[in-house]
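Student: I am new to this structure. Please show it to me, and then we can go through some details.

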Amino acid sequence: MNARALAMVSAACYGGGCVFALGAIAQFMGHPVGLGPGWLMLIAGGLLALVGYFATGALREATDRQASALSQAELLRVEMDQHRAAVDYLADGLDVAVFICDPKASVVYANRRASEMFRFEEPVGRPVLAVTLSHDIERLVMDAARARAERAAELSFSYPEERTGLVKAWPQPDGGRVFLTIFEITDLRRLERVRQDFVSNVSHELRTPLTIIRVLAETLQDEGQASDEQRRDLGKIITEVDRLSLIASDLLVLSAAESNPPKMQRCDLAELVRAAAEELKGKASEKGLALTFMGPDKLMLAANSHQMTQVARNLIENGLNYTSEGSVQVRLRKEGGEAVLEVQDSGIGIGSEHLPRIFERFYRVDKGRSRSTGGTGLGLSIVKHIVEAHGGTVQVESALNQGSTFTVRLPIVAGDAQSAEA
Ligand code: ADP
């Protein structure tokens, strides 16, 4: 029974009770009112008053319950408002642009950083494309909504100015909303470019003076006036100049590999690797090492052939440099959608503590040994950069005095697959 019905019942009972009580009093005082005998009216009045009393009690309880439900709802509402304000405050303080979109890529929420990044006033209800003017961002949101899976990419967008960001979109599990975050890395990329340009310019600038020093040192060496000691010193100058020239040219190769996406063409990796191994056969036999190649006659893929030769050369040359007896085996095969190149040697191996760092530029396990083999400390970082720019990976397995195996995996894209292997 609801509160209003209870109120009516209690009012009616109290009213009726009063009427019967007054009737009974009038009856006893000798003024009959026609409602029956006095004692009956007294009982009826009493009963009605009793019912009225209980109805009033129930009414009070119902009213109390309603009031407490109302105050709880009010409390919840206040709590929710506080919670929402805290989340808004938190989101506005983030250095990451945050959007919440519906599955059709319309914005339902944007934080302050998002407003600043794309300079808009009121994004809510507008398509994310209209807000960001980036088809790539819109595509990422749509893809995440359609696939019900996270999508992430490094994207550049030009409105309102040229920027680069790490963009991530992921849907709510029920597919109702798509969250989009953009972490800006414009400055980071710019600094990287400045560093690459600097390294490349310095390497370039070093070449001419190094060539002049070398020529002059050779001329002095050839002139008859130099003593034996001076001639020996001039020889050292020439060796060091050659080393510096090698470092300068490796730095140039590295910065070219870093800054430009590789110019791909269809090439036969089997032929390139075989040729690199052939070229180094002389060096192997000088050291008394067996250098072998095993692989298919042909393995076609889209790659930069010059850079692939460099990868093979660097790995084989390292195998020869760091092995004093035994062999260097070069193996190439197709495995699933990948070309796998393995270079295994029986050399000095690499201690496990050095393994995580050997792909860093200028990192050498043993500086003296690297110098004596004519190494620049850049060979493996060149390999890593080239391989990763081709979408591949390079790994190493090695143990001290037990040799090393370097494994390069390169994707063979769909177009290459038919003619990948002969
Ligand atoms: P480097 O020009 O000094 O050979 P790399 O970048 O090619 O420079 O290699 C980095 C370091 O990793 C080397 O100095 C050497 O200590 C170690 N290294 C590379 N390849 C091998 C290998 N096949 N066996 C043992 N050590 C190796």
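**Cysteines and a sheet**

Student: What about Cys-101, buried or exposed?
Tutor: Cys-101 is buried because its relative accessible area is 0%, and buried means under 20%, exposed over 50% and partly exposed in between (1.4 Å probe, protein chains only). This is a predicted model, in which local features need pLDDT of at least 70 and side-chain atom pairs pLDDT 80 or more, while totals for chains, interfaces and linings use all residues. Residues are numbered from 1 along each chain as its sequence is written, and side-chain values use heavy atoms, without hydrogens and water.

Student: And Cys-267, buried or exposed?
Tutor: Cys-267 is buried, as its relative accessible area is 6%.

Student: How many disulfides does the structure hold, then?
Tutor: The structure holds zero disulfides (pairs of cysteine sulfur atoms within 2.5 Å).

Student: New topic: in what order do the five strands of the open sheet come?
Tutor: The order is β2-β1-β5-β4-β3, with antiparallel pairing. Strands are DSSP runs of E, at least two residues, numbered from the N terminus, and two of them pair if DSSP finds at least two bridges between them.

Student: Which strands are at the edges?
Tutor: The edge strands are β2, residues 107-110, and β3, residues 151-157. Each of these pairs on one side only.

Student: How many bridges join β1 to β5?
Tutor: Five bridges join β1, residues 97-101, to β5, residues 178-184. The strands β1 and β5 run antiparallel.

Student: Which residue of β5 is the bridge partner of Val-98?
Tutor: The bridge partner of Val-98 in β5 is Thr-181.

Methods: Helices (H or I, at least four residues) and strands (E, at least two) are DSSP runs, numbered from the N terminus.
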